[in-house]
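Subject: Structure for your review

Dear colleague,

Please find the structure below, followed by a summary of what was found in it.

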Amino acid sequence: MEKIQINASRKYEMLIGRDLLTNAGKYISEVIEPGKVCIVTDDVVSGIYKDTVFNSLVAAGFEVYVFVFEHGEKSKNITTVSSILEYMAENDFTRSDAIAALGGGITGDVAGFAASVFLRGIRFVQLPTTFLAAVDSSVGGKTGVNLKGGKNLAGAFWQPSLVLCDCNTFSTLPYEIFLDGVAEAIKYGAIINRELFDTLMLHNHDLFPSSEASQKDIENNVSSDVLIEIVNQCVTIKRDIVMEDERDTGVRQLLNFGHTIGHAVEKCSNYAITHGHAVAIGMFIVSKASYKLGLCKMDCSLEIENMLNKFNFPVACPFTAAELTQVALKDKKRAGKSITLVLPDYIGHCYLKKINIEDLETFISAGL
Ligand SMILES: O=C(O)C(=O)C[C@@H](O)[C@H](O)[C@H](O)COP(=O)(O)O
Ligand SMILES: [Zn+2]
């Protein structure tokens with residue numbers, strides 16, 4: 001088992017290994033004194049892992065409650081958070097009780113946000129079951145929900161007390177959902193680590209065979225230790241960035257490479273295009289535009305497109321620059337009349353560039 005220590009406003013560990021969910025109760029009881037715990041999960045993950053986690057929490061002495069919501073981005077809203085809060089209040093949860101977020105990025109963000117506001121903040125643990133949640137969203141304490149105006153527009157920085165990443169859970173992921181996490185892993189390579197980018201390129205066939213892969217193929221591939229190593233590398237990068245800039249005022253914004261446009265793609269598609277797929281499109285558009293407009297030395301879009309093609313990501317964007325701009329202007333990296341973009345200088349190095357909001361549409365057009 002690998003351990004990554006994160007020293008942010010809360011100090012916690014991420015444990016990465018196999019068969020960890022069976023002992024979730026034991027690991028959680030080492031950081032949270034057994035009391036009430038509410039497993040928050042969606043209706044798909046619940047059918048696969050809820051019983052395992054439930055039983056191990058009971059065995060460790062917890063009084064276990066379960067809140068299940070409908071899977072998908074449509075549930076990532078304030079109504080779901082409000083229902084979780086009411087459920088915990090009805091069941092007399094106190095400040096010493098906790099939430100266990102069991103699932104992917106949506107579950108972690110929604111459950112974490114509920115934890116951040118219930119009684120002005122209770123503890124929570126992240127039990128990521130998707131590759132995306134493992135490499136990215138379960139660590140760093142960004143929690144939140146979408147508003148009608150756009151993605152993640154309401155939220156809080158609220159760090160978990162533990163992240164328990166059982167890599168065996170990846171074997172139950174449909175390929176498309178797996179890909180969402182691959183996009184985030186590519187992002188880490190592009191912003192800061194050329195070697196990781198090359199590893200992903202090298203291993204794309206044996207780790208993530210193809211969209212036609214059978215479930216058996218996926219099971220064989222995810223048993224590879226290379227995958228654990230990739231999770232380890234991504235989270236170590238994220239840990240270092242979060243420890244330098246937990247509140248996202250500077251260097252952490254690099255983790256948003258491809259996201260300003262990616263979030264706009266998600267929203268314009270009414271969330272039919274999922275997060276990682278939208279970020280993949282966003283990384284390509286930003287790289288192409290940066291080169292065309294002379295904002296970077298190399299045309300990184302070629303390598304990014306090549307990588308995305310290897311994994312069978314659709315790269316074409318179905319929306320116009322005007323449509324994307326309208327949504328992107330609500331991005332959290334906008335401050336008044338300017339917006340900060342994350343641009344690639346070369347693969348393995350990105351930088352932050354402030355532009356005037358009036359120039360955003362021209363920028364996006366150049367990348368389409
Ligand atoms: O943790 C971060 O910081 C990130 O930006 C990671 C992103 O991959 C993630 O999608 C995050 O939720 C986006 O945050 P937002 O601030 O753009 O809503
Ligand atoms: Zn993301």
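T130 is placed in the loop between β6 and α5; helices (H or I, at least four residues) and strands (E, at least two) are DSSP runs, numbered from the N terminus. This is a predicted model, in which local features need pLDDT of at least 70 and side-chain atom pairs count only at pLDDT 80 or more, while totals for chains, interfaces and linings use all residues. Residues are numbered from 1 along each chain as its sequence is written, chains are lettered from A and ligands numbered from 1 in the order in which they are written, and side-chain values use heavy atoms, with hydrogens and water left out.

T130 has a relative accessible area of 11% and is therefore buried (under 20% relative accessible area; exposed is over 50%, partly exposed in between; 1.4 Å probe, protein chains only). Beyond its neighbours within four places in sequence, T130 is in contact (heavy atoms within 4.5 Å) with G103, G104, G105, F170, L173 and I177.

T129 lies in the loop between β6 (123-128) and α5 (131-137). T129 is buried as well, at 3% relative accessibility. With neighbours within four places again left aside, the contacts of T129 include L102, T169 and F170.

The UniProt record, an unreviewed entry, places the feature "binding site" at T129, T130, K142, K151, T169, F170, S171 and T172. UniProt positions are given in the numbering used here, feature names are shortened, and annotations may be inferred rather than shown by experiment. These positions span 44 residues in sequence and their farthest two C-alpha atoms are 28.3 Å apart, so they do not all gather at one spot.

There are 6 aromatic pairs (rings of Phe, Tyr and Trp, the last by its six-membered ring, with centres within 6.5 Å; planes under 30 degrees apart count as stacked, over 60 as edge-to-face and the rest as tilted). Y65 and Y87 form an edge-to-face pair, because their ring centres are 6.4 Å apart and their planes stand at 75 degrees. This pair links distant parts of the chain, with Y65 in strand β4 (residues 63-69) and Y87 in helix α3 (residues 78-90), 22 residues apart. F170 and F178 are also edge-to-face, at 6.1 Å centre to centre and 70 degrees between the planes. F170 is buried at 0% relative accessible area, and F178 is buried at 3%.

Yours sincerely
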